[in-house]
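Please examine the sequence and the structure shown below. The briefing that follows is arranged by topic.

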Amino acid sequence: MRHARILAVTETVLIVCGLLGFLLLLPHDIGGDASKRFEALSALIWHGELIGNEYSLVGPLFATPLLLVGYWVGHEAAWTQEFNTLVFAVGVFLAWRLLRGHLPGALLRRFFLVLIAGSMFAAHVTGFNAEVFTAMGVGVGLIAVAVRTGIAWGWSAAVLGVVNTPAAALGLGLVVLRRGVETKRLRYALILLATAALILGESWLRRGSPFASGYEGNAGFRTIMPYSGLEGFSYPFALGLLSLLLSFGKGLVFYAPGLLLPVRATLRRFPLSPDVDLCRLYSWWLLFLAGLILVYSPWWAWYGGFTWGPRFLLFASLPASLALAVRLWDLTAPLWARMLTLGAWTLSCWVAVCAAAFTSAAFPDQCSRDTMAYEALCHYTPEFSALWYPLVFHQGPSWRGWVAIGYIVVVFGYLAVPLVRSIAADASGPVRAAVRGATRGWRF
């Protein structure tokens, strides 16, 4: 009992240190698309003006307290750029409050440690883009629905997360359809109606028409790539799908390897409410992710633009981290599954290292030269991928980056050591038997 308590305290301290590291160590800024969100929020708060750009104001509106504090102390942008870090921390706290009592504490703490030290979130909490708010709103909202604690606010959080990123509507639609089939109730259609009403209403209010998305005429540069320079959903779906899943610079196989782990049988052991277990929540998350992949595969900027990793698919970190946490916690899986887990955990921690210490390698200068002529290098080649560029070009981190790397290494070792021990124990017998068989009859 005392040993378990020491482990619980240690893991809790690691979680808190990780969240503080997100706030204090990572280089926050408001640039790129985020600057438009900041400008729209500032114009609304200070001048009562609604700027009709292409980005939703739903998420940024929740950053109003930070904007006001920043105004009072003279650093509006400096305070507002911490918004996504706080959203992530609040999401972790709410997930803990909702899931405690339903999951073993050790499993729950591992889930949060993997989210912090083994996912893509470190690269995305540093700005003012929409993906963190959407991921945590939908992810935590569906947790609330699953545990039947505040179902109304759970669906409301999911709806707000989707309105903040209207392209995520298909993902929510798949989840709602699945839930409607599970319960045989038509009333879940009201969730989709509310989502559509809010999306269309914001467009009408800000852009003069419910069907004006702000993306009209939106396109990238014309480069050597055959489908570049086209507008809207002009990318061949199959090519976009393959790129989002398998490309070295943006592929989920490399950025969220936990998705490849077999976990459904273990997840079914944890009921969250009378008709929902952890496996069902996991399937909702995967359905939402599938909706994102289906929408963004044909989008001309499927890669997320001038950003680190698969920006539009940040939500994948939630199911991937849950799968990894389950496999790291349950050491009774077959030997091959534990070896696969060790590989996935190692790669996931490297993803976090690159996210925390090497975000400047998200888009090397070589990929933006000559009006983005060589942009595809960063999407498809391992040498220019955000995950391998620091190794190829020997890029060194700052002192803050080294501290972040040290933290990730500690968490990696803490969670990997029991797994390595179990693998070694199970593999040692067959290895000794093979050696004895191979050397039988030998003499000195």
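The backbone oxygen of alanine 212 lies 3.3 Å from a polar atom of the side chain of arginine 207. This is a predicted model in which local features need pLDDT of at least 70 and side-chain atom pairs count only at pLDDT 80 or more, while totals for chains, interfaces and linings use all residues. Residues are numbered from 1 along each chain as its sequence is written, and side-chain values use heavy atoms, with hydrogens and water left out.

**Arginine 207**
- Arginine 207 belongs to helix H12, residues 189–207 (helices are DSSP runs of H or I with at least four residues, numbered from the N terminus).
- Arginine 207 is buried but has no salt bridge (buried means under 20% relative accessible area, exposed over 50%, and partly exposed in between, with a 1.4 Å probe and protein chains only; a salt bridge is a side-chain nitrogen of Lys or Arg within 4 Å of a carboxyl oxygen of Asp or Glu).
- The nearest side chain of opposite charge, glutamate 202, is 5.1 Å away from arginine 207 (Lys and Arg count as positive, Asp and Glu as negative; His and the chain ends are not counted).

**Positive phi values in loops**
- Arginine 148, in the loop between helix H9 (131–147) and helix H10 (151–164), has a positive phi of about 60° although it is not a glycine.
- Arginine 148 is partly exposed, at 40% relative accessibility.
- Lysine 184, in the loop between helix H11 (169–183) and H12, has a positive phi near 55° and is likewise not a glycine.
- Lysine 184 is exposed, with a relative accessible area of 74%.

Notes
Helix = DSSP H or I, 4+ residues; strand = E, 2+ residues; numbered from the N terminus. Polar contact = N/O pair within 3.5 Å; in protein donor to acceptor, adjacent residues only side chain to side chain.
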